[in-house]
Protein chains: 2
Amino acid sequence: MTDPDRLALNTATTKQWTLQQAIDGAVHAGIRGLGVWRDRVAEVGAVRAGRMLTEAGLTVTSLCRGGFLTAADAGGIGDCLADNRSAIEEAAAVGTSELVLVVGGLPPGDRDLAGARLRVADRIADLVPFAATHGVRLVLEPLHPMYCADRAVLSTVAQALDLADPFPAETVGIVIDTFHVWWDPQLPGQIERAAAAGRLALYQVNDFLLPIAADALLSRGMMGDGCIDLADISTRVTAAGYTGPVEVEIFNADIWQQDGAEVVRTVIDRYRRLVLPFLGGS
Amino acid sequence: MTDPDRLALNTATTKQWTLQQAIDGAVHAGIRGLGVWRDRVAEVGAVRAGRMLTEAGLTVTSLCRGGFLTAADAGGIGDCLADNRSAIEEAAAVGTSELVLVVGGLPPGDRDLAGARLRVADRIADLVPFAATHGVRLVLEPLHPMYCADRAVLSTVAQALDLADPFPAETVGIVIDTFHVWWDPQLPGQIERAAAAGRLALYQVNDFLLPIAADALLSRGMMGDGCIDLADISTRVTAAGYTGPVEVEIFNADIWQQDGAEVVRTVIDRYRRLVLPFLGGS
């Protein structure tokens, strides 16, 4: 019951660690899954990264991230498709079926939000066949609306599921990241919708801190340090039928200053107390 | 066509001005409406403020603000009701039917978001009869989700309209503030819903700036300085049938450092170029 079977460490949480250190740290702590960012994969190349992860006995729960799909000009669209095809190949090479996509914000000087959102839909359609042939699912990540202008015009779970609807569930899924969606009045119903559609690809936990950090991307906190009701959301995710990994992904400058092993100990402790009891089962 | 008939200045935009200065500044600039905050009203008292505004020939487009309805303890609930009854009386005294409510965030240490939202509904029900007898409408303001924890658990127009539904349209309305709702994928449909229900009490314009200010409340910018498509939203508000005031409400430390008359000139210029052409009519 307290064995962290489903707990996965995302390498963003221990940004102070190389891929090798993250692998060693996870294994040492008894964590069985690792969500990896492309900067860590780039240290050794995707094929070697995949071999290292496999040999360590770790499940790769996700590759983070592809996306930035909102370019309006032909050159930008071409670059975006090329980069995302690389990310799809990397996901397959490191051994995960789940490629998280942060869809991108408004192009510089552009205020046409509806247009940017339509282009996201177009780029997903462009990428799905390539992803499918690689056995990789495009996992859409709704980001907190505070990032709508510069990071992701995809702001809610409902919107992500609307984007996913035209495609088979094994090709387009969504991730629930508590930091991004905890505020959403529609969250309970949309968690059910995502799970019922077979699209709930990943559950990421962390917390929402105030005040918002000077670099707003770094406002995420350790579970229990903020205002998110992790018990409630975890219970709902579980009740909806989700049995997959629970990734801890935290962007936080203070946490990145700490010893990585200490961070992982805190992650496990908080997970056991604040998340695991609400995941059901044994 | 370029006469700013519907333009109203909100006193928060010229926080450097007293009520008297704001009245004089608006009249001098040819602005016919003023949205007033309670701190400005408190300078002279509500009855005298109402007389000053009437004598200046200004329409009071709103009183900002009541709210902070999320207290869970009997003492906090009693204080909140007393304060909001005072705000209702003030609104009537200064001569406006529209009292904007910022509903409040999570109580300190509380993570029960659903519970806080239910209490908001309960407090609205408590206040509606008192407001109705004073001819005052409670105008619910959805705030950007970045303020969900500390300022307003009311995050979307849909949620505001759901809260308003049980009450007559003349007692509970909503305000569309572009800063707070521009990111919402449901905005177009919810503007139509609000107008069709007779609940679109006020339209406030401003802009969304990045990076988010150190004091996140002050991230609002002058129309045209940020990423909001004011043409699109203004067109939708107009198409939905809204013919009421267009208030400029901006919280911005830089703007508060400027000469108030210069701020008002910029407000009028930006309004004429970026908002008025999309309000229809002549």
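Reader: What makes the approach of T156(B) to the backbone nitrogen of Q159(B) a polar contact?
Author: The side chain of T156(B) reaches that nitrogen at 3.1 Å. A polar contact is a pair of N or O atoms within 3.5 Å; within protein, one must be able to donate a hydrogen and the other to accept it, and residues adjacent in sequence count only if both atoms are side-chain atoms.

Some background first. This is a predicted model, in which local features need pLDDT of at least 70 and side-chain atom pairs count only at pLDDT 80 or more, while totals for chains, interfaces and linings use all residues. Residues are numbered from 1 along each chain as its sequence is written, chains are lettered from A and ligands numbered from 1 in the order in which they are written, and side-chain values use heavy atoms, with hydrogens and water left out.

Reader: Why is T156(B) called buried?
Author: Its relative accessibility is 7%. Buried means under 20% relative accessible area, exposed over 50% and partly exposed in between (1.4 Å probe, protein chains only). Since 7% is under 20%, T156(B) is buried. You will find T156(B) in the loop between strand 5 (137-140) and helix 6 (157-164) of chain B. Leaving aside its neighbours within four places in sequence, T156(B) is in contact (heavy atoms within 4.5 Å) with W183(A), P185(A), P142(B), W183(B) and D184(B).

Reader: How do you know how the two copies are related?
Author: A rotation of 180° with 0.0 Å of shift along its axis superposes chain B on chain A, with an RMSD of 0.0 Å. The two copies are thus related as by a two-fold rotation axis. The same surface serves both copies, as 100% of the contact residues of chain B recur in chain A.

Reader: What makes phi of F68(A) worth a remark?
Author: Most residues other than glycine have a negative phi, and most peptide bonds are trans. Phi of F68(A) is near 50°, a positive value in a residue other than glycine, and phi of F68(B) is also near 50°. As for peptide bonds, the one from C64(A) to R65(A) is cis, with omega near -5°. R65(A) belongs to strand 3 (residues 59-67) of chain A. In chain B, the bond from C64(B) to R65(B) is cis as well, with omega near -5°.

Reader: How do you know how the span of helix 11 of chain A compares with what is expected?
Author: Helices (H or I, at least four residues) and strands (E, at least two) are DSSP runs, numbered from the N terminus. The expected span of a helix is 1.5 Å times one less than its number of residues. Helix 11 (residues 260-275) of chain A has 16 residues and reaches 21 Å from its first C-alpha to its last, close to the 22 Å expected. Helix 4 of chain B has 21 residues and reaches 30 Å, close to the 30 Å expected. Helix 4 of chain B is followed by G95(B), whose phi is positive, near 95°.

Reader: What makes strand 1 of chain B pair with strand 2 of chain B?
Author: Two strands pair if DSSP finds at least two bridges between them. Here 3 bridges join strand 1 to strand 2 (residues 33-37) of chain B, so the two are paired, and they run parallel. N10(B) has G35(B) in strand 2 as its bridge partner. Another 3 bridges join strand 1 to strand 10 (residues 246-248) of chain B, again parallel, and L9(B) stands opposite V248(B) there.

Reader: Why are both faces of strand 1 of chain B called covered?
Author: L7(B) and L9(B) on one side and A8(B) and N10(B) on the other are all buried. In a regular strand the side chains alternate between the two faces of the sheet.

Reader: Which strands make up the closed barrel of chain A?
Author: The barrel has 8 strands, running 1-2-3-4-5-6-7-10 with parallel pairing. Strand 4 (residues 98-102) and strand 5 (residues 137-140) of chain A, for example, pair over 4 bridges, and E98(A) has R137(A) as its bridge partner.

Note on methods:
Copies are superposed by least squares on the C-alpha atoms of residues with pLDDT of at least 70 in both.
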